[in-house]
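Subject: Structure handover

Hello,

Here is the structure I said I would pass on. Please open it first, then read the notes below with the residues in view.

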Amino acid sequence: ADIKIINQETILAGNERGFSGYPYFNSPTEVGDAIADAGFNVVLHASNHAADQGTDGLICCANYWSEKHPEVLMTGIHANAEDLRDIPILTIGDIKFAILNYTYSPNMEVIPESLEGHLNLLCGYNEKTNQLDFTTLNKNVLNDIAHATILADVVIVCPHWGTEYVTTPSSYQKEFARQMAEAGADVIIGAHPHVPQPIEWVTADNGNRSLCYYSLGNFVSTQKDGISMLEGMAWV
């Protein structure tokens, strides 16, 4: 494939912090080295575990990718908050692909001020209290998609969404997908549930269509429930 995208669920916050598992992960940077060596050229980092090691750990992870593997397009988190609205573009031949990545939450209901600008959020939140609203799509997602349709030929949106271990998409996933399609998304590839969910064409009221993989399940994991051992890959 020309574009090889992988969702990296856990943060690579620096080996000097020590390694930890659930519920506050920190994975070795050697994981990132192996991902790059395997040939992946897009890494998604907007997950519910992106802030497991705090904002400093998130920034450390973003800097790791830019310094150690500049050949890989890493999206979803930002070392510099001023980069939040930049559209990640990958050019293959003469075709430009925008690849956008968002998470419903960093396992918090209130976003700390220190994290603002460093993590792409899928859900809307109260700008005064920073309280997340899990039923509303962040307006920045639609603005980014609209901007991406101007800059790129193909717009791929990768949301971290849905309910873990549930094999059917939620009503919010379906509504968010419809809004993304209406804004101009060409392909939607979801993560987070750890189990496969259906694939369908989503048609918006304005006639736009998106090919939507609601969840691919795990690609590689150590989760031992049978349904979580089904490894999904989207091939477009």
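Asparagine 107 lies in the loop between β5 (95-103) and β6 (123-125). The model is predicted, and every value in this message was computed from it. Asparagine 107 is not a glycine, yet its phi is positive, at about 60 degrees. With a relative accessible area of 42%, asparagine 107 is partly exposed, because that label covers what falls between 20% and 50%.

Histidine 194 also has a positive phi without being a glycine; the value is about 70 degrees. Look for histidine 194 in the loop between β9 (187-189) and β10 (199-203). Is histidine 194 buried or exposed? Its relative accessibility is 11%, and buried means under 20%, so histidine 194 counts as buried.

Next, a peptide bond. The bond that runs from tyrosine 22 to proline 23 is cis, and its omega is near 5 degrees. Proline 23 belongs to the loop between β1 (5-7) and α1 (29-38).

Now the aromatic rings. How many aromatic pairs does the count come to? The count comes to five, with ring centres required to lie within 6.5 Å. One of the pairs is formed by tyrosine 22 and phenylalanine 25: the ring centres are 6.4 Å apart and the planes stand at 65 degrees, so the pair is edge-to-face, a label for angles over 60 degrees. Tyrosine 22 is exposed, with a relative accessible area of 71%, whereas phenylalanine 25 is buried, at 19%.

Another of the pairs joins phenylalanine 40 and phenylalanine 219, and this pair is edge-to-face too, with 6.1 Å from centre to centre and 85 degrees between the planes. Which parts of the chain does the pair link? Phenylalanine 40 sits in the loop between α1 and β2 (42-44), and phenylalanine 219 sits in the segment after β11 (209-213). These are distant parts of the chain, as the two residues are 179 residues apart. Phenylalanine 40 counts as buried, with 16% relative accessibility. Phenylalanine 219 counts as partly exposed, at 35%.

The last item concerns a charge and a ring. Arginine 209 lies over the face of tryptophan 201, at 4.0 Å from the ring centre.

If you want to go through these in the viewer, start with the cis bond between tyrosine 22 and proline 23, then turn to the pair of tyrosine 22 and phenylalanine 25.

Regards

Terms used
Residues are numbered from 1 along each chain as its sequence is written. This is a predicted model: local features need pLDDT of at least 70, side-chain atom pairs count only at pLDDT 80 or more; totals for chains, interfaces and linings use all residues. Side-chain values use heavy atoms; hydrogens and water are left out. Helices (H or I, at least four residues) and strands (E, at least two) are DSSP runs, numbered from the N terminus. Buried means under 20% relative accessible area, exposed over 50%, partly exposed in between (1.4 Å probe, protein chains only). Rings of Phe, Tyr and Trp (its six-membered ring) pair if their centres lie within 6.5 Å; planes under 30 degrees apart count as stacked, over 60 as edge-to-face and the rest as tilted. A charge sits over a ring if NZ of Lys or CZ of Arg is within 6 Å of the ring centre and within 35 degrees of the ring normal.
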